[in-house]
Amino acid sequence: MAAKSVVGEVREITRAIELIELGARLQLLEAETGLSRDRLIRLYKELKGVSPPKGMLPFSTDWFTTWQPNIHSSLFYNIYLFIKQHGGCDAIQSIVKSYRLYLEHVRLQGDEVVLSLTRAWTLVRFFDSGMLQMTRCSRCSGHFVAHAHDPRAGFVCGLCQPPSRAGKTRKASEQVRAEALHALDNMLPPAQPSPRQTDTPAPVTPARRRSRAASAAL
Amino acid sequence: MSEATQRLVATPGKVMSHSSETLDEIQEVNQSYLLLAQRLLREDRATGMARMGVSAPLADLLADLTLAQTGKLAASNQLLCRFRFDDHAVLSMLADKADAHVPAHPHAALVTASQPVQQTA
């Protein structure tokens, strides 16, 4: 490290900036760039305006095997494997490229970004150390993240056979409710702009009559 | 001219015009596919390869095609791009996912991403 190349340093900083913008944590930056911790912290503050989050990285492989994270991490890792094997990039470049493709897919579907860049990087490290494996689903033939040494025979993925509560989160049910309300609003005759905002009395619909009766009863 | 002969005369012409329309469409798809492939590969080679599922030699070949070459390749009566789901059972399963709360898009994307690479064989 005696004779540091200026161009090399610029390259490292560019890479660090790219990683920080994608949401990398300090541990990832330290491992993947040759820059010192102090410089990385300063760079992080300059870009994000806040200090980097402290504390340890998530260290459990279990997160990657729960339903929704498993789908997202399997999608990411499949893309990563392709780019790593055929794209001719080094590990961190492959992670960045496949993570960008993953982000693009999630945004296209209007989905929530479940897998962060740091998680994706951790996932790759878990695979490198043999803690996870890819298992082929016997129905859809897709490859899914699973614990190492889990039985592979007859494996069925969480998308072919979703658990009974899968996807039925509070957020999802609220969204369904909001959509139903929106549809109801659209069903009202278009002549009256919106009964809630105007003072003019709206024609009494059966529903309105019922609510009036209810308030009278109270 | 009797009605039967009229039909006989009319039918081949109809078939001809229909098939030439189809041929035009095939050539258009071929041309757009090749141009899109080249653009994707020139923007970012590795990402473009992952998007299309092609191997490195095939990617190099595609990226190096000249405009004249793409035109010649596209002028064919066969499609140049191929369907990425080989297994019809998998495809039908992905197509009729009726469950509303289970997303079908990541599934299709995931299965596509785990397909083996397309080779220049």
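This is a predicted model: local features need pLDDT of at least 70, side-chain atom pairs count only at pLDDT 80 or more; totals for chains, interfaces and linings use all residues.
How many bridges join strand β1 of chain A to strand β2 of chain A, and do the two strands run parallel or antiparallel?

**View 1. The hairpin of β1(A) and β2(A).** Strand β1 (residues 132–136) of chain A and strand β2 (residues 143–147) of chain A are joined by 5 bridges and run antiparallel. R136(A) has H143(A) of β2(A) as its bridge partner. The two strands form a hairpin with 6 residues between them. Within the turn, S141(A) has a positive phi of about 60 degrees.

**View 2. The packing of α4(A) against α5(A).** Helix α4 (residues 67–86) of chain A packs on helix α5 (residues 91–108) of chain A at an angle of about 135 degrees, and their axes are 8 Å apart. Because of this angle, α4(A) is oblique to α5(A). The crossing of α4(A) past α5(A) is right-handed. On the α4(A) side, the contact is made by H72(A), L75(A), F76(A), I79(A), Y80(A), I83(A) and K84(A). On the α5(A) side, the residues include A91(A), S94(A), I95(A), Y99(A), L101(A), Y102(A) and V106(A). The residues of this contact divide into 11 nonpolar, 4 polar and 2 charged.

**View 3. The packing of α1(A) against α3(A).** α1(A) and α3(A) pack at an angle of about 50 degrees, with 10 Å between their axes. The angle is therefore one that makes α1(A) oblique to α3(A). Their crossing is right-handed. From α1(A), the contact draws on E9(A), I13(A), A16(A), I17(A), I20(A) and E21(A). From α3(A), R39(A), L40(A), L43(A), Y44(A), L47(A) and K48(A) take part. Of the residues in this contact, 8 are nonpolar and 4 are charged, with no polar residues.

**View 4. The salt bridge between R39(A) and E9(A).** Side chains of opposite charge can pair when their charged atoms come close. R39(A) forms a salt bridge with E9(A), and the closest N and O atoms are 2.5 Å apart. This pair links distant parts of the chain: R39(A) lies in helix α3 (residues 37–48) of chain A and E9(A) in helix α1 (residues 6–21) of chain A, 30 residues apart. Both residues also belong to the contact of α1(A) with α3(A). Over all chains, the count comes to 8 salt bridges.

Notes. Residues are numbered from 1 along each chain as its sequence is written. Chains are lettered from A and ligands numbered from 1 in the order in which they are written. Side-chain values use heavy atoms; hydrogens and water are left out. Two strands pair if DSSP finds at least two bridges between them. Helices (H or I, at least four residues) and strands (E, at least two) are DSSP runs, numbered from the N terminus. Axes are lines fitted to C-alpha atoms, for helices over the stretch in contact, and angles run from 0 to 180 degrees between N-to-C directions. Angles under 35 degrees count as roughly parallel, over 145 as roughly antiparallel, 65 to 115 as roughly perpendicular and the rest as oblique. A crossing is left-handed if the near helix is turned anticlockwise from the far one by less than a right angle, and right-handed if clockwise. Contact means heavy atoms within 4.5 Å. Ala, Val, Leu, Ile, Met, Phe, Trp, Tyr, Cys and Pro count as nonpolar, Asp, Glu, Lys and Arg as charged, and the others, Gly among them, as polar. A salt bridge is a side-chain nitrogen of Lys or Arg within 4 Å of a carboxyl oxygen of Asp or Glu.
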